[in-house]
Amino acid sequence: MSYKLSILLPLINETKSLEETIQVILNQNDKEVHEIIIIISDLKTTDESKLLAKKMKNIYEKVKIITQKKKLLGGALQDGFTYSSGTHVLLMASDKETEPNDVKNFITSSKQNLDSIITGNRWISGGGFESYNYFKYTLNFFFQKIFSILYSTSLSDLTFGYRIFPSLIVKKINWEEINHSFLFETIIKPIKIGINIIEIPCTWKKRSSGESTFERSYYYDYFKIGFKTLFKSKNSITRSL
């Protein structure tokens, strides 16, 4: 099987970080990257960011732009799943909270484990947090511990949305969440249906441009989807293709 990676980059107000992310990805991984899909919102993506996205599309043949139909981050990524045409799909950010230099490590592991999900882990050796709020750090730690126990998994970073999936998996699962809690959903549902998941170390860095769209009310949705999925059957998580 020829390895073709689709990369999803939701875009709201990022500028310089988007350009740097795309440059690093293609300079280091041009052979494996099939397409970079920039996902914009008609209502929320700034005019400046839209102009930069068009510039990137004009410069790089592999860059594509789609306008999301579903709302919020999770909805944008679900639209990206539907549109993507690679054998594998990578979730990451446009703001450099996900280090673009790590893409090559994800690809190496993914090519060696074609049927597995490769997920970034900030808690294992080689990973970490830079300029992360201490209170959020503490909450994150206990949240990971609680749900790792509930899902009987050795995985220790269930919320970091930096992951490569075989495309067949993301197109097969019934997705529900449309906000940031979708990132949590993208790991707990594969756990429930028995997909092999491999962790590699990654460092979270404070965004270098743009402003966060995360709202405190989303925390509730993390717990909601976590407990809801826990009691779902495998058949209710997947659909026929």
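Where is the place of threonine 108? Threonine 108 sits in helix H4 (residues 103-112), and the views below visit H4 and several other elements. This is a predicted model, in which local features need pLDDT of at least 70, side-chain atom pairs count only at pLDDT 80 or more, and totals for chains, interfaces and linings use all residues. Residues are numbered from 1 along each chain as its sequence is written, and side-chain values use heavy atoms, with hydrogens and water left out.

View 1. Helices (H or I, at least four residues) and strands (E, at least two) are DSSP runs, numbered from the N terminus. At 42% relative accessibility, threonine 108 counts as partly exposed; the bands used are buried for under 20% relative accessible area, exposed for over 50%, and partly exposed in between (1.4 Å probe, protein chains only). Look across to serine 148, 40 residues apart from threonine 108 along the chain: their C-alpha atoms are separated by 26 Å.

**View 2. Strand S5 and its two partners.** Five of the five residues of S5 (residues 117-121) are buried, so this strand is largely enclosed by the rest of the structure. Ile117, Thr119 and Asn121 point one way, while Ile118 and Gly120 point the other way. Two strands pair if DSSP finds at least two bridges between them. S5 runs parallel to strand S8 (residues 197-201), joined by five bridges, and isoleucine 117 has isoleucine 197 as its bridge partner there.

**View 3. Helix H5 and its buried side.** The 17 residues of H5 should span 24 Å at 1.5 Å a residue, and the end C-alpha atoms are 25 Å apart, which agrees; the expected span is 1.5 Å times one less than the number of residues. Asn140, Phe143, Gln144, Phe147 and Ser148 are the buried residues of H5. They cover an arc of only 125° around the axis, which puts them on the same side of H5, the arc being that of the directions from the helix axis to the C-beta atoms. An α-helix has 3.6 residues a turn, so residues three or four places apart point the same way. H7 and H8 are included in what covers the buried residues of H5, whereas the face turned away from them carries the exposed residues Tyr134, Phe135 and Ile149. After H5 comes serine 152, with a positive phi near 50°.

**View 4. Asparagine 140, a closer look within H5.** Asparagine 140 belongs to H5 (residues 134-150) and counts as buried at 10% relative accessibility. Its side chain makes a polar contact of 2.8 Å with the side chain of glutamine 144. Such a contact is a pair of N or O atoms within 3.5 Å; within protein, one must be able to donate a hydrogen and the other to accept it, and residues adjacent in sequence count only if both atoms are side-chain atoms. Not counting residues up to four places away in sequence, asparagine 140 touches Arg122, Trp123, Tyr132 and Thr159, where contact means heavy atoms within 4.5 Å.

**View 5. Helix H2 and what it packs against.** H2 (residues 47-59) has 13 residues and reaches 19 Å from its first C-alpha to its last, close to the 18 Å expected at 1.5 Å a residue. Ser49, Lys50, Leu52, Ala53 and Met56 are buried. They cover an arc of only 160° around the axis, which puts them on the same side of H2. Strand S1 (5-11), helix H1 (16-29), S2 and strand S3 (63-67) are what these buried residues pack against. Asp47, Glu48, Leu51, Lys54 and Asn58 are exposed on the face turned away.

**View 6. Leucine 72 in helix H3.** Leucine 72 lies in H3 and is partly exposed, with a relative accessible area of 28%. Leaving aside neighbours within four places in sequence, leucine 72 is in contact with Lys44, Ile178, Asn179 and Tyr218. Serine 41 is 31 residues apart from leucine 72 along the chain, with their C-alpha atoms separated by 8.6 Å.
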